[in-house]
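This report describes the overall form of a protein and then several of its local features.

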Amino acid sequence: MVKLIVSDMDGTLLDDNKNLHDDFWEVFYKLKEKGIYFVPASGRQYYNIYEYFKRIEEGLIILSENGSYIVEDGKEVYSKCLDKEKIVELVEDLRKIPNVNIIFSGKKKAYIEKNVPEFVEEVEKYCARYEIVEDVTKVDDEPLKITICDLTGVEKNSYPHVEKYNKYFKVAVSGFIWIDFTHKDSNKGTGLQVLQEKLGISKDETMVFGDYLNDYELMKQGEYSFAMDNAHPELKKIAKYNGGDNNDCGVIKSIKKYVLDENI
């Protein structure tokens, strides 16, 4: 029996316009009545995710920053921060890569160095709180994640330059223009494992949804793993089920079919 459902947001629960479908709420409250947890899991900032789900007054659990920061009803239950010395080395190296913009994600807010309109527009999609600073390595905040935004595409341009950092960080391509650097031992899968232990729920009682490579470990931590139609080929290889089209309520329809036993 499924007791916990964890879903990525962009390209998965949200449509391509970054909207949460109105049908979600009916499904969420049906799950809650059955004692089934629904948890959004994203590389997004906690405050940004909260804006989507703030109407939930009690029992809101958010797994943010690719599993590095878990908050329940506004209170931190888990975090895995980066080593500040390693961040300085990383950021100095990233600054040398053409077309790269850097985001420092802390517990208080996100921090960026460049006021480039195209970059800021992307930042505002995922960060409800951010600040433009002179040097991200000197901010007074606990570091959860460093992110590259490369509008030319990261897999061909940026990733070859940063692959070497896999020995120090968890380096994940999280979208066409995004690479995330989190703690070596932190990802959505390890975050989910922490949550499962806290709730007393097993892998066999967990359903997960995702679409990109930062969902790879998440897929392995749930017995019922769903990759969306638009998912990265490597994710589809390990997922057990198809999650459908994110623009056609794929997650919601899958939950109705496999958990709520509703005809769709």
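The sections below proceed from the whole chain to single residues.

## Basis of the model

The structure is a predicted model, in which local features need pLDDT of at least 70 and side-chain atom pairs count only at pLDDT 80 or more, whereas totals for chains, interfaces and linings use all residues. Residues are numbered from 1 along each chain as its sequence is written, and side-chain values use heavy atoms, with hydrogens and water left out.

## Overall form

The protein contains 10 helices and 14 strands; helices (H or I, at least four residues) and strands (E, at least two) are DSSP runs, numbered from the N terminus. Its C-alpha atoms fill a box of roughly 55 × 35 × 35 Å along the principal axes. The radius of gyration is 18 Å, which agrees with the value near 18 Å for a compact globule of 264 residues. This radius is taken over C-alpha atoms, and the globule rule is 2.2 Å times the number of residues to the power 0.38.

Of the 264 residues, 55% count as buried, where buried means under 20% relative accessible area, exposed over 50%, and partly exposed in between (1.4 Å probe, protein chains only). Among contacts (heavy atoms within 4.5 Å) with a separation of 6 or more, 57% are between residues 24 or more positions apart.

## Surroundings of helix α3

Helix α3 spans residues 46–53, and its buried residues are Tyr46, Tyr47, Asn48, Ile49 and Phe53. These buried residues pack against helices α1 (9–13), α2 (23–33) and α5 (117–126), as well as strands β2 (37–40), β3 (61–64) and β4 (69–72).

## Isoleucine 112

Isoleucine 112 belongs to strand β7, residues 110–112. Because its relative accessibility is 0%, isoleucine 112 counts as buried. Leaving aside residues up to four places away in sequence, isoleucine 112 touches Ile102, Ile103, Phe119, Val120, Val123, Tyr130, Glu131, Ile132, Val133 and Val136. Tyrosine 241 lies 129 residues from isoleucine 112 along the chain, and the C-alpha atoms of the two are separated by 38 Å.

## Cysteines

A disulfide is a covalent bond between the sulfur atoms of two cysteines. With a disulfide taken as a pair of cysteine sulfur atoms within 2.5 Å, a search of the whole structure finds 0 disulfides. Cysteine 127 is in no disulfide, and the nearest cysteine sulfur, that of cysteine 149, is 10 Å away.

Cysteine 127 is buried because its relative accessible area is 8%. Cysteine 249 is likewise buried, with a relative accessible area of 14%.
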